[in-house]
Every structure is written in C-alpha cells, then in structure tokens.
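Have the model open as you read.

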Amino acid sequence: MDEIAEQYVKMVLELGLYDPNYVDFYIGPDEWRPEDETRETDFPYLRFKENADRLLGDLEKLKDDIDNSEEKQRYKYLQKQLRAAATNVELLAGKEIAFDDQSKLVYDAINPEYPDGFFDETYEDLNRILPGSGPLNARFESFVDAYRIPADKTQVLFDTAMEEVRIRTQNHLNLPDKERVTIETVSGKIWGGYSWYQGNNHSVVQLNIDKPRLISAVTHLAAHEGYPGHHFFHLILDNILLKKKGWIEYCVYPLFSAQSLISEGTAEYALKLAFPGNEKTEFEEKVIFPMAGLDPSAAGLCNRVFNAIFMLRQARIDIARKYLNRQISRDQALDQLIKYQVLSRSDAERTLKFIETGRAYVITYALGYKLVNKYMDAFEDNSQKWEQFQKILSTPFTPSDFLLNRS
Ligand SMILES: [Zn+2]
C-alpha cells in the first residue's frame, strides 16, 4: 500500500500543475515536487487516466490481504482519494459530470434534495430577528454596519480570539510543542479566510478584509481556521497520520477530495465544540465586544442573526446544484443568492464565481457541518464529543463513515 500511496502523492502533485487551487499543502520530500517546466501545453488526459485506473486496480488487488481494521480504513481512505483524483482528471479534461455524481465521486457524500420553500422558514426567522423595517437585505447591511469588526482592531481581536480557542482546545486535547498560528489580513480573494499549513506545526491564517464583517464572525473564524479547526487538523495530519503512522498519502492535501469535506465539516463544527451552550456569547460580552468598542448587551442578538445566516448557508448548495445542472439560469441563481444568502449583487457575483470554480466543493461546508453535527449529537457528554472529534481527525475517516453505525 505504501508504494500506491507514494504514486498517489506524485499524481496529485502533478495534477496541481494544471490547477493552481488543487494542492492545498504539500509537506513531503522536496524531490517529489514536479518542476513547473514539465507542465505540458495540453492536459495529458490519457496518461493521467491510465495512471489513476492502474493505481485503483493495484489497490483493489490488495483487498483480500488486509487483515487489521486500521489497514482497512487506510485502504478505504486511499481508494476514495484516488477515485476523487480520477474524477478531477475527467473534470480537468473538460468532461461534464452532474453535480450529485461529482459530490459522490469526489467528496463521498450527496446533499439531500430539499422541497421548494424549504429555506423560507429560516429566512423568516432572520426576518423576525433583524431589527428595523423595510427590505431584509438593506436591514442586514445596516445591522452589519452597526456591529462590524472595526478595521483598526482586526488584528488584536483575532489574536485574542485565537488564543481563547487555543486554550479551550488545549484543555481537552494535546497540542504539539511550539505549534503556532500567524494571522495576516489580505484582500482581493474569493474566499473569506484561509488556513495555510506551512509544515513544522505552523499555519498562516489569512483573513480577507474586503467587506465589513459582523463581529460575531471573529470567534467563528478563529475556531474554523485555527483551533480546533483547520490548523488543529493539519497538526494531526502531520504529527499523527504522516509521522507517527508513516502514511505518506497524508503529506499532500488535495483540495478537491473527500478530505475537504472532513476538513470543512469539522472546522465548521469547531465553534460549537469550543463554545458549548451560551459560552460564545458570554466570551464575546466579556472580551470581544468591549475590545471592539461595541455595546456588550448586543452580543446575544448578533449571535442570533449570525446563526440564522449560518443555517441559511445550506441553501447555497441547492442553488449551486440547480445552476450547475442547468435547471436555473445564471440570473435566477444570482437572484436566489441575493435573497437566501443575503448578499449584495457584487457579493452574489463573487459567490457564483466561487461556485463555478469549485463546483461541488460548495457542499463541504454546510453538508460537512450537518454530517459532523448529527454524528456528534449522539454523544451527550462534552468530553466524549472532544474525544470523538479527535478520532474523526486522527483516523482515515471518510464522509460516508458518518452514516455508519458508530463504535
Ligand atoms: Zn475552511
């Protein structure tokens, strides 16, 4: 299996030459890194396809020789990652794949079908919660304006929230020595935040400051990008799965693969784990709002608005699916994004661009969260939840495992 894993890593790295977003991080041997000059002018579809098929076939031959459960999990994970890579080969060659087929083949999960009007209830919740009268989008905009992250306090607020989530994580799980997160602000990106793992237990978290953001997003982003979200996951990939187990497939992280659904799903759940019950609001009342110069008594209201927006994000998958399957036009998709994602026209345009670029990647956040949340709900005790969370991250867990009986 080690040999197949090595070939898988090299294939992912080479695919990265044809799609700059494909390789999220690589911390393996330097000599495996392909030279940019080896990139061919035309995408070598047949060579990639044969390689992917051969690796999947070689892996299949090992099936009957695997006897312990850990190896079985590793096998299943590698098979799903290879299948995702093979599907990306098809997509890079310009093949059209229906949204749900792509979700299944790349992310190992399919978003449920929602009846028409399914999101109207959550939309109405937001309508009720938001103060003022008039069109909802305009009210949301003024609300964000009143309770936004002040530009001059961005760094100190994120540093403080990051330290808080780090301590909260450390209270339950082990962190390696000298691990750290550096926070940078950037602009002109299609994402809101990104956690770049640098190796050696260090992540650079970049925050996009192009548009004003509700103050409640500070702790959410700190948990999502940092602890126990992406940075924490990357520490586990590096220290446990790659170094301790010696599983070389973990030295590369292909963004368009089942690993992303685990990564985004757990990162979205990270906030709830770090701040159970009302603890997020309590922390914000005590620390974040005063630091931002905002009235702490509004922390509860801000979180209710924030949560309604968070729940509405499931609608984004539905809109993306209909648009990419050509069931709705570009204009209809934009109108629905403006309504259900409460976006301005220019933000809706940007979101649609993100959908066109990442296609089924859009499922990783809201569906990932939904799967993790449902799985975790079975564990009542908070310390059990932390334990399970670590288990999801430190074993070759795949999205369909969320739907199996847990043991
Ligand atoms: Zn993320």
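## A helix pair

H5 and H12 cross in a left-handed way (the near helix is turned anticlockwise from the far one by less than a right angle; clockwise would be right-handed). The model is predicted, with pLDDT of at least 70 needed for local features and 80 or more for side-chain atom pairs, while totals for chains, interfaces and linings use all residues. Residue numbers start from 1 along each chain as its sequence is written.

The axes of helix H5 (residues 120-129) and helix H12 (residues 299-312) come within 9 Å and cross at roughly 160°. Axes here are lines fitted to C-alpha atoms over the stretch in contact, with angles from 0 to 180 degrees between N-to-C directions. H5 and H12 are therefore roughly antiparallel (an angle over 145 degrees). Helices are DSSP runs of H or I with at least four residues, strands are E runs of at least two, and both are numbered from the N terminus.

## Who touches whom

From H5, Thr122, Tyr123, Asp125, Leu126 and Ile129 meet Arg304, Val305, Ala308, Ile309, Met311 and Leu312 of H12; contact means C-beta atoms, placed from the backbone, within 7 Å.

## Two domains

The chain splits into domain 1 (2-107) and domain 2 (120-403), with bounds from an automatic or database domain assignment. Their centres, taken over C-alpha atoms, sit 27 Å apart. Domain 1 puts 31 residues into the contact and domain 2 puts in 29.

On the domain 1 side, helix H1 (2-15), strand E1 (23-26), helix H3 (69-92) and helix H4 (99-107) each give two or more residues. H3 supplies the largest share, 10 residues.

Notes. Angles under 35 degrees count as roughly parallel, over 145 as roughly antiparallel, 65 to 115 as roughly perpendicular and the rest as oblique. Two residues are in contact if their C-beta atoms, placed from the backbone, lie within 7 Å.
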